[in-house]
Amino acid sequence: LDKVNARWNKFTDLQKSVVNTLQVSKVALSEIAKHPVASNKESILNLVSQLDILDTELEQKQPIRTDLREEGLHLMREDQNKMAEIQNLLSACDNNWEQTTGALRDTRNKYSVLTTTLQDLTNFRGNFEKEIDRANQLLESCMGTPSSYIQANQALEKCKKAAEMLKRSKT
């Protein structure tokens with residue numbers, strides 16, 4: 001009976017440790033989610049690194065979860081009357097662990113996608129500005145009054161190119 005009580009105490013302590021670990025991770029995740037995301041790459045990468053640290057800390061605490069499972073298996077063998085209760089507790093801890101790690105990884109992935117999208121937007125903006133500059137240069141080069149038919153044709157071609165560039169930059 002003392003051996004079973006000792007196992008129950010150890011099982012309860014491990015369960016509390018797992019719950020506390022998950023609670024710390026959930027609080028940290030909710031703190032990160034509370035703050036508005038700045039629209040610069042550095043701040044988003046900072047959030048991603050914070051989430052990576054949380055995920056690493058949770059992975060380092062994985063042995064506690066493993067110990068809880070092992071202790072639960074031993075306890076089920078020794079206290080078969082409470083096998084269903086032990087299984088339910090183990091299942092609840094596993095589900096809670098999976099939900100927390102899933103939420104961490106999902107949030108990290110969302111921020112990573114946001115970083116990539118922000119980089120794509122920056123690249124697009126730069127390319128768009130280059131195209132507009134080229135179109136403006138072409139437009140300025142065809143603004144002069146042509147003095148011959150050949151110059152008029154050249155100016156027409158330059159204007160067509162400028163119009164094409166503007167059409168391409170809109171899409």
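Predicted model: local features only at pLDDT ≥ 70, side-chain atom pairs only at ≥ 80, totals over all residues.
## The largest nonpolar core

The largest nonpolar core holds 24 residues, and the members that touch the most others are Phe 11, Leu 51, Leu 68, Ile 86 and Tyr 111. At least two residues of this core come from each of four helices, namely H1 (2–34), H2 (41–60), H3 (62–78) and H4 (83–141). Helix H1 makes the greatest contribution, with eight residues. In soluble globular proteins, nonpolar side chains tend to be buried together.

Ile 86 can be followed beyond its own stretch of sequence: once neighbours within four places are set aside, Ile 86 is in contact with Trp 8, Phe 11, Gly 72, Leu 75, Met 76 and Asp 79. Of these partners, Phe 11 is also among the core members that touch the most others.

## Packing of H1 against H4

Two packed helices are described by the angle between their axes and the distance between the axes. For H1 and H4, the angle is about 20 degrees and the axes lie 11 Å apart. Because angles under 35 degrees count as roughly parallel, H1 and H4 are roughly parallel to each other. The crossing in which H1 passes H4 is left-handed.

On the H1 side, the contact is made by Trp 8, Phe 11, Gln 15, Val 18, Leu 22, Ser 25, Lys 26, Leu 29 and Ile 32, while the residues of H4 include Ile 86, Leu 89, Cys 93, Trp 97, Thr 100 and Tyr 111. Sorted by class, the contact of H1 with H4 has 14 nonpolar, five polar and two charged residues.

## Packing of H3 against H4

The axes of H3 and H4 come within 9 Å, and they cross at roughly 165 degrees. Since an angle over 145 degrees counts as roughly antiparallel, H3 is roughly antiparallel to H4. The crossing of H3 and H4 is left-handed.

H3 brings Gln 62, Arg 65, Leu 68, Arg 69, Gly 72, Leu 75 and Met 76 to this contact, and H4 brings Met 83, Ile 86, Gln 87, Leu 90, Cys 93, Asp 94, Trp 97 and Glu 98. By class, the residues of the contact of H3 with H4 divide into eight nonpolar, three polar and four charged. Ile 86 belongs to the contact of H3 with H4, and Ile 86 also takes part in the contact of H1 with H4.

With neighbours within four places in sequence left aside, Ser 25 is in contact with Leu 54, Leu 58 and Thr 100.

Leu 47 has its place in helix H2, and with a relative accessible area of 14% Leu 47 is likewise buried. Apart from neighbours within four places in sequence, the residues in contact with Leu 47 are Ile 32, Val 37 and Tyr 111. Leu 47 and Ser 112 are separated by 65 residues in sequence, whereas their C-alpha atoms are 9.4 Å apart in space.

## Ala 155 in helix H5

Ala 155 is found in helix H5, which covers residues 149–170. Its relative accessible area is 16%, and because buried means under 20%, Ala 155 counts as buried. Ala 155 and Leu 89 are 66 residues apart in sequence, and the distance between them in space is 80 Å, taken from C-alpha to C-alpha.

Technical notes. Residues numbered from 1 in each chain as written. Heavy atoms only, no water. Core = buried A, V, L, I, M, F, W, Y, C linked by side-chain atoms within 4.5 Å. Buried < 20%, exposed > 50% of the residue type's maximum accessible area, 1.4 Å probe, protein only. Contact = heavy atoms within 4.5 Å. Axes fitted to C-alpha atoms, helices over the stretch in contact; angles between N-to-C directions. Parallel < 35°, antiparallel > 145°, perpendicular 65-115°, else oblique. Left-handed = near helix turned anticlockwise from the far one by under 90°. Nonpolar A, V, L, I, M, F, W, Y, C, P; charged D, E, K, R; others polar.
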